[in-house]
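Reader: Please take one part of this model and look at it closely. I would like one connected account, with the surroundings of that part included.

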Amino acid sequence: MRAIDKIIWHCAATPEGRDVSVDTIRSWHVDPAPRGRGWSDIGYHYVITLDGVVHEGRPLDRPGAHTQGHNRNSIGLCYVGGVDAQMRPKDTRTPEQRRALYKLTEGLMKRFPGATVHGHNEFAAKACPSFDVQSDWGAYRLTLEIAREEFDEEDEDAPDAGPRPA
Ligand SMILES: [Zn+2]
């Protein structure tokens, strides 16, 4: 496995509400020019469709093609959507997509400790993924920490179970 230090979020830049499959995105990347980009495989490692299902894209052990200058040591995640009907940038994530994006990112951070989470727009003059990943991910992490603190407090109040029988 290659070294991973970044998890980078993207959008597919497809209109809000339009269901686009991972196979369609793959064809945009793999089909020969001018129809597609003529790449060896889809550029992202994971694609999250409107229903919140996580689809595997390019195998994790291969660098993706999603963030110029940062592909070698990163993982690229993409949610379907990201623009409104007039193709203007918009955070169009469905509740299912948000949940899936957070869970997938958490899982990858456990597998690749020390990896940091970013948006494509931190590395390029692009809107992708159409929101500020640092504040979005930061807010999510905060809710996790609050939940954990509440859990710990409950734990302290729990009656002492005493020594375990041998
Ligand atoms: Zn992007």
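Author: Start with a pairing inside the sheet. S1 and S7 pair in the parallel sense, over four bridges.

S1 is mostly covered, with five of its six residues buried.

Now widen the view. This is a predicted model. The sheet is open and has five strands, in the order S4-S3-S5-S1-S7, with mixed pairing. Its edges are strand S4 (54-56) and strand S7 (116-119), each of which pairs on one side only. Neighbouring strands are turned by 25 degrees against each other on average, direction ignored. In general, strands of a sheet pair through backbone hydrogen bonds, either parallel or antiparallel.

S3 and S4 run antiparallel and are joined by three bridges. Valine 47 faces histidine 55 of S4 there.

Next comes the helix that packs on this sheet. H2 lies across S1, S3, S4, S5 and S7. Its direction is about 170 degrees to that of S5. H2 has 17 residues and reaches 25 Å from its first C-alpha to its last, close to the 24 Å expected at 1.5 Å a residue.

Which residues of H2 are buried? They are Gln97, Ala100, Leu101 and Thr105. Seen down the helix axis, the buried residues fall within an arc of 130 degrees, so they line one face of H2. What covers them includes S1, S3, S4, S5 and S7. The face turned away from that buried side carries the exposed residues Pro95, Gly107 and Lys110.

Leaving out residues up to four places away in sequence, Ile48 touches Gln97, Ala100 and Leu101, along with Val54, Tyr79 and Val80.

In soluble globular proteins, nonpolar side chains tend to be buried together.

One loop residue deserves a look too. Leucine 60 sits in the loop between S4 and S5. Is leucine 60 buried or partly exposed? Leucine 60 is partly exposed, because 17 other C-beta atoms lie within 10 Å, while a buried residue needs 20 or more. Leucine 60 touches His45 and Ile75, not counting residues up to four places away in sequence.

Finally, the whole chain. There are three helices and seven strands. Along the sequence they follow the pattern β-β-α-β-β-β-β-α-β-α. Buried residues make up 28% of the 166 residues. Of the contacts with a separation of 6 or more, 63% join residues 24 or more positions apart. The C-alpha atoms fill a box of roughly 70 × 35 × 25 Å, taken along the principal axes.

Notes
Residues are numbered from 1 along each chain as its sequence is written. This is a predicted model: local features need pLDDT of at least 70, side-chain atom pairs count only at pLDDT 80 or more; totals for chains, interfaces and linings use all residues. Helices (H or I, at least four residues) and strands (E, at least two) are DSSP runs, numbered from the N terminus. A residue is buried if 20 or more other C-beta atoms lie within 10 Å of its own, exposed if 12 or fewer, and partly exposed in between; C-beta atoms are placed from the backbone. Two residues are in contact if their C-beta atoms, placed from the backbone, lie within 7 Å. Two strands pair if DSSP finds at least two bridges between them. Axes are lines fitted to C-alpha atoms, for helices over the stretch in contact, and angles run from 0 to 180 degrees between N-to-C directions. The expected span of a helix is 1.5 Å times one less than its number of residues. The arc is that of the directions from the helix axis to the C-beta atoms.
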